[in-house]
Amino acid sequence: MEQSFELSGIHCMHCVARVKKALEPLCEKVEVTLSPAIAVVTVKEPLKIEDVNAALAKAGDYSATPLN
């Protein structure tokens, strides 16, 4: 299944790479875009937003809001 998240704190392609690396351990597949700042993840079981934001916080000043 796919889940989408709106991201905050992303300003450049370096941020995109850091967010992607932070989310990879939680997912089977991760796609992150800068404009719009969105992450689309492929997972077997739905991710909890708390887990997503915890992983992002370790990577930097990033956070996510669910889109679906």
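**Exercise 1.** In which strand is Ala39 found? Determine also whether Ala39 is buried or exposed.

*Solution.* The model is a predicted one. Ala39 lies in strand S3. Its relative accessibility is 0%, and the limit for a buried residue is under 20%; Ala39 therefore counts as buried. Leaving aside residues up to four places away in sequence, Ala39 touches Gln3, Ser4, Phe5, Leu7, Leu23, Glu31 and Val32. Between Ala39 and Val19 there are 8.5 Å in space, C-alpha to C-alpha, although they are 20 residues apart in sequence.

**Exercise 2.** Describe how helix H1 and helix H2 cross, and state which residues make the contact.

*Solution.* Two packed helices are described by the angle and the distance between their axes. The axes of H1 (residues 13-23) and H2 (residues 49-59) come within 9 Å and cross at roughly 130°. The crossing is right-handed. H1 contributes Arg18, Val19, Ala22 and Leu23 to the contact, and H2 contributes Val52, Ala55, Leu56 and Ala59. By class, seven of these residues are nonpolar, none is polar and one is charged.

**Exercise 3.** Which elements give two or more residues to the largest nonpolar core?

*Solution.* This core has 21 residues. The residues with the most contacts inside the core are Leu7, Ile10, Val19, Leu23, Val32, Val41 and Leu56. The elements in question are strand S1 (2-8), H1, strand S2 (29-33), strand S3 (38-42) and H2. H1 gives the most, with five residues.

Conventions. Residues numbered from 1 in each chain as written. Predicted model: local features only at pLDDT ≥ 70, side-chain atom pairs only at ≥ 80, totals over all residues. Heavy atoms only, no water. Axes fitted to C-alpha atoms, helices over the stretch in contact; angles between N-to-C directions. Helix = DSSP H or I, 4+ residues; strand = E, 2+ residues; numbered from the N terminus. Left-handed = near helix turned anticlockwise from the far one by under 90°. Contact = heavy atoms within 4.5 Å. Nonpolar A, V, L, I, M, F, W, Y, C, P; charged D, E, K, R; others polar. Core = buried A, V, L, I, M, F, W, Y, C linked by side-chain atoms within 4.5 Å. Buried < 20%, exposed > 50% of the residue type's maximum accessible area, 1.4 Å probe, protein only.
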